Amino acid sequence: MSKNIVIQNVKSAITQSPCWETWPRATRIYSDLVCDHSKDSYYLRAHGLKPNLIRLIGDCKDSRLLDIGSGNGWLLDALRPKEGYACDIVEQPDISPKWNFEIQDVRSLSYADNFFDVVAGSLLLIWMKELDIALQQMYRVTKPGGKMVISLVHPYFYRTGEPNKNGDFVIGSNLSTPFKIEKLKIGGIAGPLTYFYRPFPDYINNCIKVGFRIVEIVDWFIDMADYEQKVKVGMNSNILRTGKVPLYSFIACEKG
Ligand SMILES: C[S@@+](CC[C@H](N)C(=O)[O-])C[C@H]1O[C@@H](n2cnc3c(N)ncnc32)[C@H](O)[C@@H]1O
């Protein structure tokens, strides 16, 4: 099959996908949120996502790295790999021309098998039902011996309840079985999106099932003393937070 036909198939799969309608509207707002220093979303990215992803991915000055669901390409900007590839279902006009950006759906990537030293997907897999297909694709494009690193909002503590005044996280959802949250808005404004809850072992077991070896799992907890200090000096936040439960999780794998 020629590359053109593959890309056309990818594009038509994307335009038939339910997220096609919602992400283009949400992605610009999301990008503005995480770039605005006065916002809670910026804080979470700078203190939670970024340092953990950078540590787990490690030195990539000699690597070919793909960031899937890249948004504006901030991860590539931070990591500066030798060859940086990025893809997203939404056009990203702000992404640096240094990176090879393409519109692609993680569920039907058109990159060659075993092409990348590192594949990253930050806050990506939580938005789709087909976790198994997405991970199969991520495995396929990773080189033997290569790495795959994902970040998630922590499945058990993202919109499943909320902190009370003592900072105890009170869960109201039934965590024993997958469910979806529709019409979700990140930071109260970027959306509406559909979030797919699944028990944490579903992520781990799907990584193993497609062939990855899990190298490290990390939970990140917000440092409430630091966070409250930032709120005191003007950071915008109307979301209740607690440092007693993890906010993000990270899974780092290797392709054997
Ligand atoms: C919450 S944002 C995260 C952006 C960036 N990775 C980060 O960590 O800040 C999720 C991104 O995944 C993209 N996305 C959603 N579904 C996707 C899919 N099926 N394939 C590729 N990208 C997707 C969205 O367009 C959006 O840019």
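1. Nonpolar core. In this predicted model, the largest nonpolar core comprises 56 residues. Those with the most contacts inside it are Ile57, Leu65, Ile68, Val119, Ala120, Met138 and Val149. Helix α3 (residues 40–57) makes the greatest contribution to this core, namely six residues. As background, nonpolar side chains in soluble globular proteins tend to be buried together.

2. Surroundings of Val149. Which residues does Val149 touch, once residues up to four places away in sequence are set aside? They are Leu53, Leu56, Ile57, Ala120, Phe250 and Ala252. Two of these, Ile57 and Ala120, are themselves listed with Val149 among the residues with the most contacts inside the core.

3. Helix α5. The buried residues of helix α5 (residues 131–141) are Ala134, Leu135, Gln137, Met138, Tyr139 and Val141. Among the elements that cover them are the strands β1 (64–68), β4 (116–122), β5 (142–153), β10 (212–220) and β11 (248–255). Helix α6 (200–210) also belongs to this cover.

4. Ligand shell. The ligand is surrounded by 21 residues, of which Trp23, Gly69, Gly71, Val106 and Ser122 are the closest. Helix α2 (residues 19–35) supplies the largest share of the shell, five residues. By class, the shell holds 13 nonpolar, five polar and three charged residues.

5. Overall fold. The protein chain contains seven helices and eleven strands. Its radius of gyration is 18 Å, close to the 18 Å that the globule rule gives for 256 residues, so the chain is as compact as a globular protein of that length. The C-alpha trace spans about 60 × 40 × 35 Å along its principal axes. Buried residues account for 36% of the 256 residues. Of the contacts with a separation of 6 or more, 65% join residues 24 or more positions apart.

6. Confidence. The mean pLDDT of the protein chain is 92, and 92% of its residues reach 70 or more. Over residues 1–8, however, the pLDDT is below 50, and this stretch has three contacts in the model beyond near neighbours in sequence.

7. Met224. This residue is located in helix α7 (residues 224–232). Is Met224 buried or partly exposed? It has 15 C-beta neighbours inside 10 Å and therefore counts as partly exposed. Leaving out residues up to four places away in sequence, Met224 touches Arg241, Thr242 and Gly243. The C-alpha atoms of Met224 and Lys244, 20 residues apart along the chain, are separated by 9.1 Å.

8. Ser237. The loop between α7 and β11 contains Ser237, which counts as partly exposed because 17 C-beta neighbours lie inside 10 Å. Apart from neighbours within four places in sequence, Ser237 is in contact with Asp40 and Val231. Ser237 and Lys61, 176 residues apart in sequence, are 36 Å apart in space, C-alpha to C-alpha.

9. Backbone geometry. The peptide bond from Gly191 to Pro192 is cis, with omega near 5°; Pro192 belongs to strand β9 (residues 190–197). Asn114, although not a glycine, has a positive phi of about 55°. Asn114 is placed in the loop between β3 (100–103) and β4 and is partly exposed, with 14 other C-beta atoms within 10 Å. Arg159, also not a glycine, has a positive phi of about 60°. Arg159 is found in the loop between β5 and β6 (161–163). With 12 other C-beta atoms within 10 Å, Arg159 is exposed.

Conventions. Residues are numbered from 1 along each chain as its sequence is written. This is a predicted model: local features need pLDDT of at least 70, side-chain atom pairs count only at pLDDT 80 or more; totals for chains, interfaces and linings use all residues. A residue is near a molecule or strand if its C-beta atom, placed from the backbone, lies within 6 Å of it. Helices (H or I, at least four residues) and strands (E, at least two) are DSSP runs, numbered from the N terminus. Ala, Val, Leu, Ile, Met, Phe, Trp, Tyr, Cys and Pro count as nonpolar, Asp, Glu, Lys and Arg as charged, and the others, Gly among them, as polar. A nonpolar core is a set of buried Ala, Val, Leu, Ile, Met, Phe, Trp, Tyr and Cys residues joined through C-beta atoms within 7 Å. A residue is buried if 20 or more other C-beta atoms lie within 10 Å of its own, exposed if 12 or fewer, and partly exposed in between; C-beta atoms are placed from the backbone. Two residues are in contact if their C-beta atoms, placed from the backbone, lie within 7 Å. The radius of gyration is taken over C-alpha atoms; the globule rule is 2.2 Å times the number of residues to the power 0.38. pLDDT is the predictor's confidence in each residue, from 0 to 100.
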